[in-house]
Amino acid sequence: MTTEENQDLESIVTKQWLSYSEEEYFATYIALPRFIKVFRGKFQQIFNRRTYAIFNFSMSIGEIIVFLGALAGLGVNMGLSYGNKNNSGSAAGINLLVCIVFTVKNSILTFLCGLSYERGIFWHKVFGWLAVLGGVLHFLSTDYQWDGWFMLGSLFGMLGVSLWPIRYFLYEIFIRLHWIGFIVVIVGIILHGVDIAIYGLGYWGLDFLIKQAVIYRHLKNAHQIKIEKVTSDMAKITILDNKINYQGGQYLCICIPKLSYFQWHPFSIQSSFGEKKIEIFIKKSGNWTRDLLVLAEKLNGEQTKAYLCGPYGFPSIDIASDYYKTFVLIGGGIGITPIISVCKQLLEERTKGRPITKIYLIWTTRSKERHEDLLSEQYIESILSLEDKQKNLVERFYHLSTSSNNKKEQNNVNDTSENQTEVKLNTEDGKFILQRPDIKQYLKTIQEIAKQNDESRVGVMVCGPSALIRSVQEKSSSVSNSKVRLDVHEEVFAL
Ligand SMILES: Cc1cc2nc3c(=O)[nH]c(=O)nc-3n(C[C@H](O)[C@H](O)[C@H](O)COP(=O)(O)OP(=O)(O)OC[C@H]3O[C@@H](n4cnc5c(N)ncnc54)[C@H](O)[C@@H]3O)c2cc1C
């Protein structure tokens with residue numbers, strides 16, 4: 001940005017911005033004192049650093065430490081019980097402990113590892129598999145014990161009901177079976193005396209109680225919401241009485257009694273902290289979201305009651321301080337909603353004097369969504385409500401993946417195909433580019449620009465399909481070097 005543009009921005013500064021200062025930041029349960037937020041930010045800066053990707057997979061330093069910690073615990077435990085036939089059970093016990101601890105939302109572990117909740121769930125699955133493997137080895141090396149059979153059976157049962165097809169296609173059934181399986185595993189842990197896993201249960205139990213207290217508080221304070229059907233497959237929920245403290249990019253769990261008293265579904269907040277009402281965009285997926293669209297038509301603008309829990313989700317990069325001055329915000333399809341929220345928050349903070357050099361907003365979508373009047377580029381421009389001066393701060397790139405032979409569609413969008421061999425960041429802002437984003441090219445160019453600006457790191461946030469997230473993770477790792485590092489926070493909509 002030129003000095004003149006910077007001065008222009010300074011002229012709209014209304015209130016001084018101070019890092020980690022917002023009262024409401026991360027106030028899921030209580031508003032945290034500033035020194036804790038500072039401490040957490042510093043931790044994140046170290047623990048969220050990612051290693052270079054090997055076979056498209058990279059780990060944060062925090063994840064490596066947890067992994068090594070689990071291995072060390074295993075070694076010590078096995079060493080202490082050397083000579084005892086039962087020592088082989090330690091492997092299963094420790095893996096089970098870590099597996100349980102990773103189920104906790106907003107946990108100390110996800111915080112220390114610089115992990116998003118979704119990434120925590122990934123490790124929950126990994127350690128679950130390791131616990132079963134450890135259990136099998138232990139089973140094969142010891143004499144018959146009925147409670148051992150029970151324990152191993154319960155672990156296998158849990159694994160069986162959590163397999164991908166059940167989780168993905170029959171989510172509600174999966175959740176119920178997972179709860180039943182968990183209760184059976186708890187019985188197994190107690191009967192078989194898996195001492196170490198009991199610590200995990202204690203930790204989980206504490207979080208469970210806190211969560212129940214939060215839900216109870218919310219149950220006493222039902223919220224009034226408005227549900228609108230905005231397109232054939234998308235609804236908007238507006239929470240009118242905003243009593244919730246949240247941060248850009250966080251999500252809420254919602255229960256609408258008119259649909260079901262028992263189902264709570266997670267949805268990202270699209271508004272940004274400080275706005276009077278909270279807006280959420282919901283795309284039709286399965287039964288609950290389909291019924292939501294039907295309910296919206298039935299209610300026809302009338303308000304209804306909803307229970308909310310949260311906010312959840314913790315950015316795994318330190319966005320509460322001026323650690324990053326350049327941001328790349330990438331959304332795929334409906335995944336643009338938390339991205340807009342973060343973008344709005346950064347813009348708001350910029351007006352208070354937060355030093356931000358540039359925000360690159362990249363949205364990639366399929367052709368169908370573009371023709372809906374909701375998530376169009378004009379709509380995004382309008383909800384960001386960019387003042388002319390801020391337009392220089394946010395460079396917007398809207399990508400449309402469409403088949404090149406669809407002439408009708410191409411006539412409706414700005415065809416930048418001449419620029420397709422090389423992505424230039426000076427393409428006209430706010431216009432559709434008829435190709436998938438070349439993530440590597442974007443990140444490389446942005447990294448170059450950051451280097452010219454004497455910045456050594458760039459904050460990247462991505463939400464969308466897992467293929468997009470993997471690509472951003474992988475490309476950020478490969479593009480990062482000792483001069484400029486790109487740190488990524490990812491958000492996925494499917495667990
Ligand atoms: C952190 C997070 C934020 C999300 N934000 C948005 C958003 O802003 N807009 C949007 O349209 N969608 C969002 N989703 C996805 C949304 O939660 C699901 O589409 C919705 O719950 C589907 O419910 P269903 O009964 O209609 O479909 P189902 O067929 O029951 O589920 C479809 C898929 O959605 C996921 N899902 C379903 N229920 C739950 C649940 N209770 N908890 C977690 N995942 C579930 C599962 O992966 C499942 O495979 C988000 C998901 C997560 C995890």
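Two strands count as paired if DSSP finds at least two bridges between them; strands (E, at least two residues) and helices (H or I, at least four) are DSSP runs numbered from the N terminus. The model is predicted, so local features need pLDDT of at least 70 and side-chain atom pairs pLDDT 80 or more, while totals for chains, interfaces and linings use all residues. Residues are numbered from 1 along each chain as its sequence is written, and side-chain values use heavy atoms, without hydrogens or water.

**View 1. The open sheet of 6 strands.** The strand order is β4-β3-β6-β1-β2-β5, with antiparallel pairing. β4 (265–268) and β5 (278–283) are the edge strands, each pairing on one side only. Neighbouring strands are turned by 40° against each other on average, direction ignored.

**View 2. Strands β2 and β5.** β2 (residues 234–239) runs antiparallel to β5 and is joined to β5 by 6 bridges. K236 stands opposite F281 of β5.

**View 3. Packing of helices α17 and α18.** α17 (residues 439–452) and α18 (residues 466–479) pack at about 40°, with axes 9 Å apart; axes are lines fitted to C-alpha atoms, for helices over the stretch in contact, and angles run from 0 to 180 degrees between N-to-C directions. The contact (heavy atoms within 4.5 Å) includes L443 and Q447 of α17 and L468 and V472 of α18.

**View 4. Two spans from the UniProt record.** The unreviewed entry lists residues 122–142 and 148–170 among its "transmembrane region" spans; such annotations may be inferred rather than shown by experiment. Residues 122–142 are 95% helix and 0% strand, with end C-alpha atoms 31 Å apart. Residues 148–170 are 87% helix and 0% strand, with end C-alpha atoms 30 Å apart.
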